[in-house]
Amino acid sequence: SNAIEEVYEATLDAIQGALNCDRASILLFDEAGTMRFVAARGLSEHYQRAVDGHSPWITGANEPEPIFVENVDDAEFSRELKESIVGEGIAALGFFPLVTEGRLIGKFMTYYDRPHRFADSEIGMALTIARQLGFSIQRMRAEYARRQAEE
């Protein structure tokens, strides 16, 4: 694809299709090092504003591991964050790191309306999707930098 938005939409399709989640999102670190939504499906604007900037990892983290919240009721989130998640009707979450050139650039999220146990096969598929999305973002950023340099 020539447009990053098309890559995001195709990735959201793949996430929801392969992982059978109710909702999904893609977030990337901005220039200030804050995690921001770049694409989301099934999430309200209110929810996105409420959780904007939250990340379990810091920008540039080395070899971050996926994080699974199989039941939000049992999670150790701040009261405000938990209220936002529960208020959106989310009962389980998956955080999958996006890495390019060995550094963390963002994450994609899966959201489930009921508690959810993450099977090994789902985790493997999610990591494959995360690698492909990372490669696509890296390629598009390199292409943009090349065009900027030529201009």
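Colleague: In what sense do strand β1 and strand β5 pair, and over how many bridges?
Modeller: β1 (residues 23-29) and β5 (residues 103-112) are antiparallel partners, joined over 6 bridges. Strands pair here if DSSP finds at least two bridges between them. Helices (H or I, at least four residues) and strands (E, at least two) are DSSP runs, numbered from the N terminus. One example is L27, whose bridge partner in β5 is K107.

Colleague: Before going on, what sort of model is this?
Modeller: This is a predicted model, with residues numbered from 1 along each chain as its sequence is written. Local features need pLDDT of at least 70, side-chain atom pairs count only at pLDDT 80 or more, totals for chains, interfaces and linings use all residues, and side-chain values use heavy atoms, with hydrogens and water left out.

Colleague: What is the strand order in the sheet?
Modeller: The sheet is open, has 5 strands and runs β2-β1-β5-β4-β3, with antiparallel pairing. At the edges are β2 (35-41) and β3 (67-69), each pairing on one side only.

Colleague: Is β1 buried or exposed?
Modeller: Buried, meaning under 20% relative accessible area with a 1.4 Å probe, protein chains only (exposed is over 50%, partly exposed in between). 7 of the 7 residues of β1 are buried, so the strand is largely enclosed by the rest of the structure. R23, S25, L27 and F29 lie on one side, with A24, I26 and L28 on the other.

Colleague: What does I26 touch?
Modeller: Leaving aside neighbours within four places in sequence, I26 has contacts that include Y8, L12, F37, L98, F108 and L133. Contact means heavy atoms within 4.5 Å.

Colleague: Switching to helices, how do α1 and α4 pack?
Modeller: α1 (residues 4-19) and α4 pack at an angle of about 175°, with axes 10 Å apart. Therefore α1 is roughly antiparallel to α4. Angles over 145 degrees count as roughly antiparallel, under 35 as roughly parallel, 65 to 115 as roughly perpendicular and the rest as oblique. Axes are lines fitted to C-alpha atoms, for helices over the stretch in contact, with angles from 0 to 180 degrees between N-to-C directions.

Colleague: Which residues touch the most other members of the largest nonpolar core?
Modeller: Of its 24 residues, those are Y8, I15, I26, L98, F108, L133 and I137. α4 gives the most to this core, with 7 residues. A nonpolar core is a set of buried Ala, Val, Leu, Ile, Met, Phe, Trp, Tyr and Cys residues joined through side-chain atoms within 4.5 Å.

Colleague: What about a second core?
Modeller: A separate one has 20 residues, including A75, L81, F95 and L104.
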